[in-house]
Amino acid sequence: MFTLGIDIGSTTSKCVILKDGTEIVATSLVKSGIGTNGPKIVVDEILAKANLKLKDIAHTTATGYGRNRSEIANSQMSELSCHTIGVHFVFPNVKTIIDIGGQDAKVMSVGADGIMQNFLMNDKCAAGTGRFLDVMANILQIDISELEVYAAKATNEVKISSTCTVFAESEVISQLTNGVELPDLVKGICESVAGRVSALAKRIGIKDDVVMSGGVAQNGGVRTALEKALGTKVYHSELSQYMGALGAAIFANKKANK
Ligand code: ADP
């Protein structure tokens with residue numbers, strides 16, 4: 001039996017198809033989210049990849065900001081629950097999840113049973129989210145995926161002192177004009193995001209294992225900075241950006257079996 005999870009985010013749409021609730025058959029990601037045709041395209045793409053038709057899917061669950069906008073979903077589930085289910089599936093020992101997406105950052109504490117116990121969220125300010133990194137990558141004219149490569153080459157400490165994305169933008173431009181090396185600047189930018197999110201994480205309390213999910217988990221510069229700030233290992237996987245969609249597909253399997 002096949003189930004589909006769709007995560008309609010602020011910047012991206014992600015899908016996962018599961019067989020019998022345990023086997024990942026296909027994943028798909030489109031770089032456009034809520035309010036675009038991304039959610040439709042991503043479903044067409046994943047069905048083609050899996051060589052399936054919509055009628056072959058026993059149940060579809062939508063999650064993410066745009067979960068109520070999906071025309072094909074049979075049910076909806078919150079992002080917090082779906083990320084927790086998805087991460088726990090891949091990392092059964094997870095106790096703390098740090099999810100940084102395109103528009104917000106969330107920290108969830110997870111019980112031994114894999115159930116979310118508590119969470120804290122920053123959705124008020126772009127600093128400390130993927131948006132901050134997207135803006136900075138744009139100013140520096142480098143691809144978002146290259147940030148970690150530059151950060152790894154840093155040799156000097158650079159601190160971004162502005163707490164607001166708009167002011168940080170001017171600060172980064174003036175640092176560049178003053179001859180600060182690009183790798184040092186990129187590392188400072190990654191540390192700025194990690195600093196904000198680690199403060200959120202410390203408020204909820206850090207318990208090992210700590211796992212990162214969301215698109216920013218792919219940025220090794222932020223992961224390294226978070227490990228330093230929290231003083232513990234931060235796990236991630238190539239499925240990091242799909243954790244919400246994966247959790248939704250697992251939830252869909254439970255619904256289909258009812
Ligand atoms: P949402 O669900 O809110 O749309 P995602 O969890 O998909 O957000 O994360 C989107 C963010 O992930 C982007 O803002 C970007 O900063 C980051 N990101 C996306 N792809 C990469 C990549 N290849 N390397 C590093 N960061 C990435």
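**Strands, rings and ligand**

Guide: Let's start with S7, which is joined by six bridges to strand S8 (residues 116-122), the two running antiparallel. Strands here are DSSP E runs of at least two residues, helices are H or I runs of at least four, and both are numbered from the N terminus. Two strands pair if DSSP finds at least two bridges between them.

Visitor: What kind of model is it, and what's the numbering?
Guide: This is a predicted model, where local features need pLDDT of at least 70, side-chain atom pairs count only at pLDDT 80 or more, and totals for chains, interfaces and linings use all residues. Residues are numbered from 1 along each chain as its sequence is written, and side-chain values use heavy atoms, with hydrogens and water left out.

Visitor: OK, back to S7. Which residue stands opposite methionine 108 in S8?
Guide: That's phenylalanine 119. In the S7 and S8 hairpin there are five residues between the strands, and glycine 114 takes a positive phi near 80 degrees.

Visitor: And how do S6 and S7 pair?
Guide: In the antiparallel sense, over five bridges. They form a hairpin too, with four residues between them. Aspartate 99 has lysine 106 in S7 as its bridge partner.

Visitor: Is S7 buried or exposed?
Guide: Six of the six residues of strand S7 (residues 105-110) are buried, so the strand is largely enclosed by the rest of the structure. Buried means under 20% relative accessible area, exposed means over 50%, and partly exposed is in between, with a 1.4 Å probe and protein chains only.

Visitor: Which way do the S7 side chains point?
Guide: Ala105, Val107 and Ser109 go one way, while Lys106, Met108 and Val110 go the other, and all are buried. In a regular strand the side chains alternate between the two faces of the sheet.

Visitor: Switching topic: how many aromatic pairs are there?
Guide: A search of the whole structure turns up one. Phenylalanine 91 and tyrosine 235 have ring centres 6.1 Å apart and planes at 50 degrees, so the pair is tilted. The rule is that rings of Phe, Tyr and Trp (its six-membered ring) pair if their centres lie within 6.5 Å; planes under 30 degrees apart count as stacked, over 60 as edge-to-face and the rest as tilted.

Visitor: What sits over the ring of tyrosine 235?
Guide: The charged end of lysine 233, 5.0 Å from the ring centre. To count, NZ of Lys or CZ of Arg must be within 6 Å of the ring centre and within 35 degrees of the ring normal. Lysine 153 also lies over the face of tyrosine 150, at 5.7 Å from the ring centre.

Visitor: Now the ligand. Which residues come nearest?
Guide: Of the 16 residues around the ligand, they're Thr11, Thr12, Lys14, Asp134 and Gln241. Being near takes a heavy atom within 4 Å.

Visitor: How far is aspartate 134 from the ligand's oxygen atom?
Guide: A polar side-chain atom of aspartate 134 lies 2.7 Å from an oxygen atom of the ligand.

Notes
Polar contact = N/O pair within 3.5 Å; in protein donor to acceptor, adjacent residues only side chain to side chain.
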